[in-house]
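Please work through the following exercises with the sequence and the 3D structure at hand. Each exercise gives a task, and a worked solution follows it.

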Amino acid sequence: MTRASEERAARPAEPLAGLVWPMARGAEALEALARSAGLPLPRTRAKVVGQAPTDPNRLGEWLDAAAQSQGLELDLAYTRHGEVEKALLRASPALLDVVTSEGVQVAALLRVSASGRTARVIAPDETERDVPLAWLTSGVQALVEGTQASTVDRVLSRAAMPEPQRLLARRALLGAQLANTHLVASRTLRLPPGARLVHHLKALSTAPRLALVLVLAILIQVCVLSAWWLIGRGAFEGQLDHGWLWAWALMGLTAVPLQAALAWTQGSLALDLSALLRRRLLAGALAMPVDEAKRGGIGEYVGRTFESAGMEQMALAGSFTSLLAVVDLTLAGSVTLSGPAGMLGLVALGGYCVLLGVLVARQSLLFRGWTEARVVMTHALIERMLGHRTRLAQEQPSRWHEEEDQELARYSDASERWDAGTARVTTLARRGLLPVAIIAILPGVLAGANTASIAVGVGAALLGARAVMSLAVGALALMGSRVLFSAVRPMLDAARLSGAAGDQDGKDAAPQVTPLAATEAPSRSQALLEVRDVYFKHPASPRAVLEGASVVIHPGERVLLEGASGSGKSTLASILTGLRRQGSGVVLLRGLDMSTWTQDGWGAQIAGAPQFHENHIISGTLAMNLLLGRAWPHTQDDVKLARELCEELGLGDLLQRMPAGILQMVGERGWQLSHGEQSRIFVARALLQRVQVVVLDEAFGALDPVTMRKVMACVEQRAPTLIVIAHP
Ligand SMILES: Nc1ncnc2c1ncn2[C@@H]1O[C@H](COP(=O)(O)OP(=O)(O)OP(=O)(O)O)[C@@H](O)[C@H]1O
């Protein structure tokens with residue numbers, strides 16, 4: 001921090017009084033902020049948000065639900081105490097938890113000034129006010145300063161210091177003591193990735209920014225054309241005096257800042273659009289229906305993800321290049337029209353573009369073949385990596401690379417054909433322009449036109465050459481991105497469908513229950529879970545897995561689900577935990593049909609530990625793996641509970657042995673956990689989600705009898721309602 005910002009930061013948090021919202025009005029603050037930030041809000045408020053919490057630790061969860069009910073989301077910035085100010089600079093529009101003399105309150109940060117000194121907030125009377133950013137920073141930092149602040153205050157009260165210095169010393173001491181303490185600096189309000197594309201594009205001001213790109217491109221061309229006209233006219237008429245040269249230089253120089261502005265606008269828009277695409281792809285990958293995702297196989301998904309990077313680059317580069325090429329071409333066309341060849345020149349240029357267009361369209365087939373060969377190769381590579389150890393043990397070494405060689409040959413063949421086609425297009429774009437240029441100039445020469453007119457013809461030909469070349473490159477890129485789009489389309493569709501529930505217009509959205517509407521314990525007399533006449537069939541399978549499946553489960557019950565291998569137990573578990581949707585029949589949770597719950601709401605009531613081959617230890621700390629289903633960031637209480645559970649499940653010994661205890665890195669690149677240890681972590685992960693119904697699918701198969709009894713006792717005690725799947 002600079003001294004100036006330290007001085008600003010030294011002010012107490014009290015000035016925020018009257019500018020921040022009480023916790024109970026947090027949802028109103030969110031709405032006011034969304035309105036002022038121009039984010040779309042639904043017309044009707046059909047969704048239930050529940051009562052505001054009195055506990056500041058639950059504020060985030062409640063605000064998340066409030067944002068979700070408005071079709072928006074809050075993105076947390078979790079940062080160090082000393083980096084709060086930096087985080088706030090790029091957080092807006094955001095809600096901040098701040099400490100004032102009234103306790104924890106909510107600040108609605110609309111934007112931070114360009115200098116980073118002041119911030120515009122929306123006050124509870126819905127007026128916009130400017131405050132020093134340091135006030136907000138201090139208010140946020142105070143969230144974790146509690147006991148340290150009183151100790152520091154006590155020490156400083158003994159030192160006879162003038163007030164400004166005391167405040168500076170207080171800030172410095174607290175900053176040093178809490179340098180590594182993390183806290184939630186802000187909750188940025190934004191559209192969820194699955195929201196309608198037009199809302200996202202509007203939020204990014206795409207149309208005005210594109211218009212700016214267009215205007216700048218036209219201005220640059222006007223400068224270039226004027227410079228060329230000045231020098232051309234002077235040269236052909238033999239009057240190249242200083243005045244003409246100065247005017248030419250001036251035009252050339254004017255184009256430089258314009259070019260810089262164009263590059264900056266283009267770059268920043270490309271960056272925003274690329275971030276949007278990546279968010280949508282990630283959300284789509286996570287929202288893919290489980291069976292659809294499995295059908296393709298993990299390798300195919302990795303392949304598709306790789307292709308998405310290419311699609312993004314080609315789409316952005318292709319769009320901008322083509323847009324600028326169209327500007328160039330329009331100007332080239334109008335110059336050609338006013339040149340010696342007139343309409344004939346224009347027709348020649350147009351015909352030439354059509355010819356190139358046909359060639360580019362033909363390239364599409366080659367590009368598709370090349371892309372498919374690449375996706376197949378990535379898929380095969382990943383499958384081989386996954387099955388590597390099995391192949392080492394089971395397959396003859398002489399057969400290891402047979403398929404690889406065939407795939408490589410197919411890929412290199414497709415590559416060669418694509419490269420040859422691309423070379424044809426670019427060569428034609430370059431070479432074919434000569435005849436067009438001759439058509440543009442020759443009539444003037446033959447008719448003995450004046451030098452200025454011939455100069456216009458030469459200029460038109462040069463301008464046209466550049467425009468056609470850019471158009472060919474842009475069109476090839478756009479064509480490529482269209483082909484790659486079909487490879488990533490399933491993920492983008494899944495993202496769009498996942499956002500459909502929170503449709504911004506509120507037209508189609510059915511009222512959905514957010515988690516907080518159902519936190520109270522269920523009544524024992526009412527059915528907690530009802531499955532009625534459920535039917536399910538895998539798309540690839542000719543016969544149904546579940547037919548007429550029915551079960552009613554009351555709170556507190558312990559249910560054992562037995563059946564032969566392949567009878568559909570795991571399939572039913574995946575329907576109960578919301579991973580799959582039944583073909584027909586009804587699944588009710590607390591009397592409400594699955595479609596009336598949000599995904600989060602359902603997940604907050606019922607969770608499970610899937611079978612071993614469906615469950616994974618993720619590379620990260622053991623704590624992260626255990627608390628995967630808990631809100632982020634984890635509280636000290638969460639970690640304490642995870643530790644307790646590990647002890648109860650017989651993992652205490654393991655925690656002792658690990659050098660970093662519960663913070664030990666585990667997974668592929670960390671501590672390799674045994675089969676039995678992993679299965680207990682999966683059980684703990686399900687129990688730590690604090691849900692009403694826990695479903696354990698063959699969770700005890702890897703345990704010895706003593707450990708199994710221990711685990712069963714823990715599960716019996718911790719799970720409010722339990723469904724255990726096991727073989728007879
Ligand atoms: N994607 C799929 N396409 C077609 N059939 C599938 C698919 N996934 C599972 N199945 C089939 O559905 C049936 C039910 O599978 P499920 O895993 O639910 O059985 P289960 O009773 O849990 O078996 P187990 O006790 O062996 O774990 C099996 O016959 C399985 O082969």
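The exercises below concern a predicted model.

**Exercise 1. The chain as a whole**

Task: Determine how many helices and strands the chain has, and what share of its residues counts as buried.

Solution. 
Step 1. The secondary structure amounts to 24 helices and 17 strands.
Step 2. The C-alpha trace extends over about 105 × 85 × 50 Å along its principal axes.
Step 3. The chain has 728 residues, and 36% of them count as buried.
Step 4. Consider contacts between residues at least 6 apart in sequence: 78% of these join residues at least 24 apart.

**Exercise 2. Annotated regions**

Task: State which residues UniProt lists as "transmembrane region", and examine the secondary structure of two of these spans.

Solution. 
Step 1. The unreviewed UniProt entry gives residues 210-231, 243-264, 314-335, 341-361, 433-462 and 468-488 for this feature.
Step 2. The span 314-335 is 100% helix and 0% strand, with 30 Å between its end C-alpha atoms.
Step 3. For residues 468-488, the content is likewise 100% helix and 0% strand, and the end C-alpha atoms are 30 Å apart.
Step 4. The unreviewed UniProt entry also places the feature "domain: ABC transporter" at residues 529-727. In the model, this span is 32% helix and 23% strand, and its end C-alpha atoms lie 22 Å apart.

**Exercise 3. The surroundings of the ligand**

Task: Identify which residues come nearest to the ligand, and which element gives the most to the shell around it.

Solution. 
Step 1. There are 14 residues around the ligand, and those that come nearest are His538, Ser565, Gly566, Ser570 and Thr571.
Step 2. Helix H11 (290-296) and helix H18 (569-576) are the elements that give two or more residues to the shell.
Step 3. H18 gives the most, with three residues.
Step 4. By class, the shell has two nonpolar, nine polar and three charged residues.

**Exercise 4. Glutamate 407**

Task: Is glutamate 407 buried, exposed or partly exposed, and which residues are in contact with it beyond its neighbours within four places in sequence?

Solution. 
Step 1. Glutamate 407 is in helix H15 (residues 402-431).
Step 2. A residue is buried with 20 or more other C-beta atoms within 10 Å of its own, and exposed with 12 or fewer. Glutamate 407 has 17 such atoms, so it is partly exposed.
Step 3. Beyond its neighbours within four places in sequence, glutamate 407 is in contact with Val376, Met377 and Ala380.
Step 4. Valine 376 is 31 residues from glutamate 407 in sequence, and their C-alpha atoms are 7.9 Å apart in space.

**Exercise 5. Particular backbone features**

Task: Locate the cis peptide bond between serine 92 and proline 93, and describe the backbone at glutamate 126 and aspartate 533.

Solution. 
Step 1. Omega of the cis peptide bond that joins serine 92 and proline 93 is about -5 degrees. Proline 93 is in the loop between helix H4 (84-89) and strand E3 (94-100).
Step 2. Glutamate 126 is not a glycine, yet its phi is positive, near 65 degrees. Glutamate 126 lies in the loop between strand E5 (118-122) and strand E6 (128-132).
Step 3. Aspartate 533, in strand E8 (residues 529-536), is also not a glycine and has a positive phi of about 50 degrees.
Step 4. Glutamate 126 has 13 C-beta neighbours inside 10 Å and therefore counts as partly exposed. Aspartate 533 has 13 C-beta neighbours inside 10 Å and counts as partly exposed.

Definitions and conventions. Residues numbered from 1 in each chain as written. Predicted model: local features only at pLDDT ≥ 70, side-chain atom pairs only at ≥ 80, totals over all residues. Near = placed C-beta within 6 Å. Helix = DSSP H or I, 4+ residues; strand = E, 2+ residues; numbered from the N terminus. Nonpolar A, V, L, I, M, F, W, Y, C, P; charged D, E, K, R; others polar. UniProt positions renumbered as here; feature names shortened; annotations may be inferred. Contact = placed C-beta atoms within 7 Å.
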